[in-house]
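Welcome! Here is a friendly walk through a structure that may be new to you. Take a look at it first, and then read on.

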Number of protein chains: 2
Amino acid sequence: MKKNSNYPNTRIQRQKRLQILEAALKIFSTHGYRGSTLDKIALEARISKPNLLYYYKSKQEIHKELINGLMQKWLAPLREMKKNGEPIAELRSYIRRKIEMARDFPRESRLFNNEITQGAPHIKDLLEGELKELVEEKAKIISAWMEEGKLRKVDAYHLIFSIWATTQHYADFDVQVCAILGEEKSKKRFDEAAKFLEQLYIGGLKPEK
Amino acid sequence: MKKNSNYPNTRIQRQKRLQILEAALKIFSTHGYRGSTLDKIALEARISKPNLLYYYKSKQEIHKELINGLMQKWLAPLREMKKNGEPIAELRSYIRRKIEMARDFPRESRLFNNEITQGAPHIKDLLEGELKELVEEKAKIISAWMEEGKLRKVDAYHLIFSIWATTQHYADFDVQVCAILGEEKSKKRFDEAAKFLEQLYIGGLKPEK
DNA sequence: TTAATATTTTTCCAAATGGTCAAAAATTAG
DNA sequence: CTAATTTTTGACCATTTGGAAAAATATTAA
């Protein structure tokens with residue numbers, strides 16, 4: 001007889017699931033949810049469609065697991081912004097980490113973009129719950145820094161939004177960025193972006209004296 | 001006998017086409033290209049599907065016309081940035097106009113976002129041609145301002161990107177913005193955003209003395 | 001080896017979807 | 001009014017797609 005069968009979690013299972021998620025991430029981030037078909041995902045994962053449905057009961061289930069896994073990864077940099085750190089240094093390193101994520105995980109960014117752009121049907125509660133609380137907490141920290149005169153006084157929420165926007169832009173709008181920059185300048189786009197953003201934010205946020 | 005029949009352009013035609021484009025804009029911007037069906041568009045436009053196809057030969061054709069019409073509207077603010085203006089004032093007004101567009105035409109922004117995020121399959125040549133040239137021209141103007149000491153020296157291309165990113169964020173990520181800001185603060189989001197961006201950019205871009 | 005279990009494939013289906021076509025209805029020129 | 005023309009509709013079709021069922025194959029515990 002075999003062991004537990006209700007929810008087997010063999011090596012094979014774990015590996016196949018990863019394989020599927022990897023393929024699904026690629027397809028979903030390229031074509032959006034509706035534009036992605038199980039056939040394409042299965043092909044990409046090098047398995048048959050029914051086999052894919054053996055590991056995930058439906059298209060939605062794959063998408064859901066992707067989005068959920070994504071959120072944690074995505075918010076990690078913000079979570080690491082510590083109250084006790086030196087404000088300018090904390091912001092600088094937050095921005096740098098976000099740009100690195102745009103460079104290293106563009107597919108995750110696009111997947112997220114797609115979800116939000118279409119009204120966040122699957123993660124609205126997450127946004128209004130966990131995310132909202134996290135941002136509130138961090139906005140408070142930033143505001144406190146401003147009160148102490150460590151940063152120029154601006155709206156902390158919109159500051160966070162702007163950092164999200166500027167960094168994720170390099171993942172989501174990569175085609176446009178590259179089209180405009182041309183071949184040579186494109187190669188250096190992430191380094192240039194990091195440098196520019198640092199100048200923009202740090203210069204702009206330094207308290208006036 | 002009736003007049004010209006090759007390409008009639010009666011009142012009725014013009015009105016119905018507008019009606020269809022309006023409906024298509026709503027549907028496409030909400031569900032993306034693949035997520036939008038001719039049925040939904042026809043329903044939204046209050047006509048039958050075959051009737052819709054009488055005015056536009058295919059789904060692609062509707063989309064194409066939307067995207068093309070959009071680009072001109074979208075780039076108008078950048079086009080208006082004039083070499084002879086006062087640099088800080090020109091930037092300020094550019095940012096303000098972009099924020100107003102995010103507020104007033106979020107559907108257009110989302111449509112564009114969707115197109116780019118999926119690799120810009122329909123407008124790649126536009127990006128590499130018209131858009132690239134326009135940005136090159138404006139980047140030169142901005143760089144010249146910097147050389148004259150009117151602005152802090154930063155990469156002009158990335159400056160433009162960051163303005164696009166920060167402003168369009170308020171259209172594309174509106175759900176997220178509102179979820180985080182909560183009901184009250186959401187009402188003022190565009191005004192606050194405009195104020196914040198002005199502080200960020202103008203403060204950050206002023207030449208040091 | 002064998003029997004139980006896990007995995008994969010083959011076949012199939014119903015619904016959704018982009019699009020066609022011919023006929024009906026409405027509009028307009030003369 | 002009448003005839004030509006434009007607009008609208010109803011019926012239909014081929015393809016795509018998410019998914020189900022069951023049989024076939026592989027794996028593993030004993």
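## A pair on one helix

Glu136(B) and Lys132(B) are four residues apart in helix α7 (residues 124-147) of chain B, so about one helical turn separates them. Helices here are DSSP runs of H or I with at least four residues, numbered from the N terminus. The side chains of Glu136(B) and Lys132(B) meet in a salt bridge (3.9 Å, N to O); that term stands for a side-chain nitrogen of Lys or Arg within 4 Å of a carboxyl oxygen of Asp or Glu. Glu136(B) is partly exposed at 28% relative accessibility, and Lys132(B) is partly exposed too, at 23%. For these words, buried means under 20% relative accessible area, exposed means over 50%, and partly exposed lies in between (1.4 Å probe, protein chains only).

## How to read this model

This is a predicted model, in which local features need pLDDT of at least 70 and side-chain atom pairs count only at pLDDT 80 or more, while totals for chains, interfaces and linings use all residues. Residues are numbered from 1 along each chain as its sequence is written, chains are lettered from A and ligands numbered from 1 in the order in which they are written, and side-chain values use heavy atoms, leaving out hydrogens and water.

## Further salt bridges

Over all chains, the count comes to 32 salt bridges. One of them joins the side chains of Glu137(A) and Lys138(A) (3.6 Å, N to O). Here Glu137(A) is partly exposed at 42% relative accessibility, whereas Lys138(A) is buried at 3%.

In chain B, Glu192(B) and Lys185(B) form a salt bridge of 3.0 Å, N to O. Glu192(B) counts as buried at 16% relative accessibility, and Lys185(B) is buried with a relative accessible area of 18%. With Asp155(A), these two residues are linked in a network of salt bridges.

## Rings that meet

A pair of aromatic rings is described by the distance of the centres and the angle of the planes. Rings of Phe, Tyr and Trp (its six-membered ring) pair if their centres lie within 6.5 Å; planes under 30 degrees apart count as stacked, over 60 as edge-to-face and the rest as tilted. By this rule there are 10 aromatic pairs over all chains. One of them is the tilted pair of Phe161(A) and Trp164(A), 5.9 Å centre to centre with 50° between the planes. These two residues are three apart in helix α8 (residues 156-172) of chain A, which puts about one helical turn between them.

Phe161(A) also pairs edge-to-face with Tyr170(B), at 6.3 Å centre to centre and 80° between the planes. Phe161(A) lies in helix α8 of chain A and Tyr170(B) in helix α8 (residues 156-172) of chain B, so this pair joins two chains. Both Phe161(A) and Tyr170(B) are buried. Ring pairs link Phe161(A), Trp164(A), Tyr170(B) and Phe190(B) into a cluster.

How are the two chains related? Chain A can be laid on chain B with an RMSD of 0.1 Å by a turn of 180° and a shift of 0.0 Å along the axis, with copies superposed by least squares on the C-alpha atoms of residues with pLDDT of at least 70 in both. The two copies are therefore related as by a two-fold rotation axis.

Asn113(A) sits in helix α6 (residues 106-117) of chain A and is buried, with a relative accessible area of 2%. Leaving aside residues up to four places away in sequence, Asn113(A) touches Asp172(A), Asn113(B), Thr117(B) and Phe173(B), where contact means heavy atoms within 4.5 Å.
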